[in-house]
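This report describes the fold shown below, beginning with the packing of its helices and moving on to its sheet and its core.

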Amino acid sequence: MYEKARTLVEEERVELVDETSKRAYLEVEGSQDTYGVRLERDHTFSCTCPYATMRGIPQGALCSHALAAILHVANSQGPWFGP
Ligand SMILES: [Zn+2]
């Protein structure tokens, strides 16, 4: 799944829509659909993909879209990732 997330970032299928110091909102183009991912600075996230919304995924487990979103904002060094 980490590999998949990296591929999403490398293929530039992750787009930063909005970013503040508290949260970031991104759109990730998955294999079948585009999903909205919201990252909070308190390390919670949400994603609109079926994996994340179906039953809620276990704590600490990320879908590849959320992971790709995190990698993207980490690379960009924007306000969300800042101190
Ligand atoms: Zn997802």
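## Packing of helix 1 and helix 3

In this predicted model, the axes of helix 1 and helix 3 come within 8 Å and cross at roughly 55°. The crossing of helix 1 and helix 3 is right-handed. Two packed helices are described by the angle between their axes and the distance between the axes.

The residues that meet at this crossing are Tyr-2, Lys-4, Ala-5, Arg-6, Leu-8 and Val-9 on the side of helix 1, and Ser-64, Leu-67, Ala-68, Leu-71 and His-72 on the side of helix 3. Glu-10 also belongs to helix 1, which spans residues 2-10. Although 62 residues separate Glu-10 from His-72 in sequence, their C-alpha atoms are 9.3 Å apart in space. Is Glu-10 buried or exposed? Glu-10 counts as exposed, because it has 11 C-beta neighbours inside 10 Å, and a residue with 12 or fewer is placed in that class.

## Overall architecture

The protein chain contains three helices and four strands, and these elements follow one another along the sequence in the pattern α-β-β-β-β-α-α. Of the 83 residues in the protein chain, 29% are buried. When contacts between residues at least 6 apart in sequence are considered, 46% of them join residues that are at least 24 apart.

The four strands form an open sheet in the order 1-2-3-4, with antiparallel pairing. Strand 1 (14-19) and strand 4 are the edge strands, each of which pairs on one side only, and neighbouring strands of the sheet are turned against each other by 20° on average, with direction ignored. Strands of a sheet pair through backbone hydrogen bonds, either parallel or antiparallel.

Strand 1 and strand 2 run antiparallel and are joined by five bridges, and a hairpin of three residues connects the one to the other. Within this pairing, Glu-19 has Ala-24 of strand 2 as its bridge partner. Strand 2 is also paired with strand 3, in the antiparallel sense and over seven bridges, and here the hairpin passes through four residues. Arg-23 stands opposite Glu-40 of strand 3.

In a regular strand the side chains alternate between the two faces of the sheet. Which residues of strand 2 lie on its covered face, and which on its uncovered one? Ala-24, Leu-26 and Val-28 make up the covered face, whereas Arg-23, Tyr-25, Glu-27 and Glu-29 make up the uncovered face.

In soluble globular proteins, nonpolar side chains tend to be buried together. The largest nonpolar core of this model has 21 residues, and those with the most contacts inside it are Val-28, Val-37, Leu-39, Cys-47, Ala-66, Ala-68 and Ala-69. At least two residues of this core are supplied by each of helix 1, strand 2 (23-29), strand 3 (34-40), strand 4 (45-47) and helix 3 (64-76). Helix 3 provides the largest share, with six residues.

Ala-66, for its part, is in contact with Val-37, Phe-45, Cys-47 and Ala-52, once its neighbours within four places in sequence are left aside.

Terms used
Residues numbered from 1 in each chain as written. Predicted model: local features only at pLDDT ≥ 70, side-chain atom pairs only at ≥ 80, totals over all residues. Buried ≥ 20, exposed ≤ 12 C-beta atoms within 10 Å, placed from the backbone. Contact = placed C-beta atoms within 7 Å. Core = buried A, V, L, I, M, F, W, Y, C linked by C-beta atoms within 7 Å. Pairing = 2+ DSSP bridges. Axes fitted to C-alpha atoms, helices over the stretch in contact; angles between N-to-C directions. Left-handed = near helix turned anticlockwise from the far one by under 90°.
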